[in-house]
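This report describes a sheet, a ligand shell, a helix and some loop residues. The sequence and structure come before the details.

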Amino acid sequence: MSICELNKNKAAELALPVGLKPTHAWQCYTLMQHPGLIVIRNPFMALGQRYWMSRCLRDYPQKPNISNLDANPAMADFSTDWWMELQRSTDKQAKQRIKTSMRWTTLGYHHNWDTKVYDEAMHNKFPDDLKALCQFFSLAIGFANYEPQAAIVNYYPIGTTLSGHTDHSELNLKAPLFSFSFGQAAIFLIGGTTVDEKPSALFLRSGDVLVMSEQSRLCYHAVPRILPTDLKPWNDCLPPTKDDDKAVGHCMDTVLYSNVYDDQFWLPFEDYITDSRINVNVRQVLEFGKTEFK
Ligand SMILES: O=C(O)CCC(=O)C(=O)O
Ligand SMILES: [Fe+2]
């Protein structure tokens with residue numbers, strides 16, 4: 001791996017989203033064998049990690065977003081507010097079943113897993129906070145005018161995997177794909193554009209940001225293993241500062257940002273992440289300048 005110089009000046013033109021380390025402290029790598037693949041090693045502050053994990057658990061699975069539970073009649077009772085149902089449940093076995101039942105939720109343009117197409121009719125508003133975060137990262141890698149339009153949030157209880165695939169359903173394959181990892185660590189395999197190429201293995205830890213751009217955008221990849229880790233960077237918390245009011249400018253939920261510092265509030269999230277990984281996978285769907293399919 002080699003260190004790549006981010007377009008830090010460009011990113012510095014934008015205010016730093018709350019919950020991120022200053023860009024001069026970011027460690028960013030590229031891989032010689034995989035042009036276009038960029039790894040930014042945990043650019044998040046602890047509270048930033050807690051904020052995004054809690055958004056993924058408490059908020060993003062809620063309607064109108066779509067989750068795997070919607071298609072499962074046995075889980076219909078939990079699909080309206082999965083997180084609340086999980087907190088409500090007192091039976092140990094039932095709790096474990098609810099916890100591990102959530103596998104994915106889609107935001108913005110909802111990917112149809114059967115037809116593998118996006119559709120204008122299957123579209124909700126993309127979360128403003130996640131949009132602002134991705135646009136900051138996009139500028140940092142020197143890519144202007146990025147429009148995050150679809151996200152898949154993957155939930156990986158320990159023992160689960162994601163098989164090899166390419167992400168090619170987007171009409172726009174020139175825009176980078178941003179992938180955020182939180183919680184337990186994972187082995188990530190990235191190969192070439194055919195299954196014949198031998199993949200490279202990366203270890204992704206909590207807070208790591210992986211960018212798939214240029215030649216690597218259409219490469220096969222997989223998550224064969226989630227690995228428990230002793231490192232809990234989301235717990236090295238400094239208290240929120242007055243500056244954190246700036247979160248408003250990045251459309252973040254400022255109440256949530258200050259709440260996650262409270263260990264009592266954080267406890268159920270800690271409980272979840274202690275044996276699970278969350279991945280947020282963001283894509284631009286439409287061609288540049290387009291606001292809908294046509
Ligand atoms: O969990 C990951 O790191 C990758 C997820 C992924 O490849 C996808 O959602 O398409
Ligand atoms: Fe993928």
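## Terms and basis

A residue is called buried if 20 or more other C-beta atoms lie within 10 Å of its own, exposed if 12 or fewer, and partly exposed in between, with C-beta atoms placed from the backbone. Lys198 counts as exposed because it has 8 C-beta neighbours inside 10 Å. Lys198 sits in the loop that links strand 9 (185-190) to strand 10 (200-204); helices (H or I, at least four residues) and strands (E, at least two) are DSSP runs, numbered from the N terminus. From Lys198 to Pro148 the C-alpha to C-alpha distance is 30 Å, at a sequence separation of 50 residues.

The model is predicted: local features need pLDDT of at least 70 and side-chain atom pairs count only at pLDDT 80 or more, while totals for chains, interfaces and linings use all residues. Residues are numbered from 1 along each chain as its sequence is written, and chains are lettered from A and ligands numbered from 1 in the order in which they are written.

Ala185 has Leu227 of strand 12 as its bridge partner. Ile187 stands opposite Arg225 in strand 12 and is bridged to Phe203 in strand 10.

## The shell around ligand 1

Residues around ligand 1, taken as those with a C-beta atom, placed from the backbone, within 6 Å of it, include Ala186 and Phe188 as well as Asp167, His221 and Asn279. At least two shell residues come from each of strand 6 (150-157), strand 8 (177-183), strand 9, strand 12 (221-227) and strand 13 (276-283).

The shell has 5 nonpolar, 6 polar and 1 charged residues. In this scheme Ala, Val, Leu, Ile, Met, Phe, Trp, Tyr, Cys and Pro count as nonpolar, Asp, Glu, Lys and Arg as charged, and the others, Gly among them, as polar.

## Helix 7

Trp266, Tyr272 and Ile273 are the buried residues of helix 7 (residues 263-273). They lie on the same side of helix 7 because they cover an arc of only 105° around the axis, the arc being that of the directions from the helix axis to the C-beta atoms. Asp263, Gln264 and Leu267, on the other side of helix 7, are exposed.

## Backbone exceptions

Most residues other than glycine have a negative phi, and most peptide bonds are trans. Asn42, in the loop between strand 3 (34-41) and helix 2, has a positive phi near 25°. Asn42 is buried, since 22 other C-beta atoms lie within 10 Å.

Cys251 also has a positive phi, near 60°, and is in the loop between strand 12 and helix 6 (254-259). With 15 other C-beta atoms within 10 Å, Cys251 is partly exposed. The peptide bond from Lys63 to Pro64 is cis, with omega near 10°, and Pro64 is in the loop between helix 2 and strand 4 (66-67).

Key. Two strands pair if DSSP finds at least two bridges between them.
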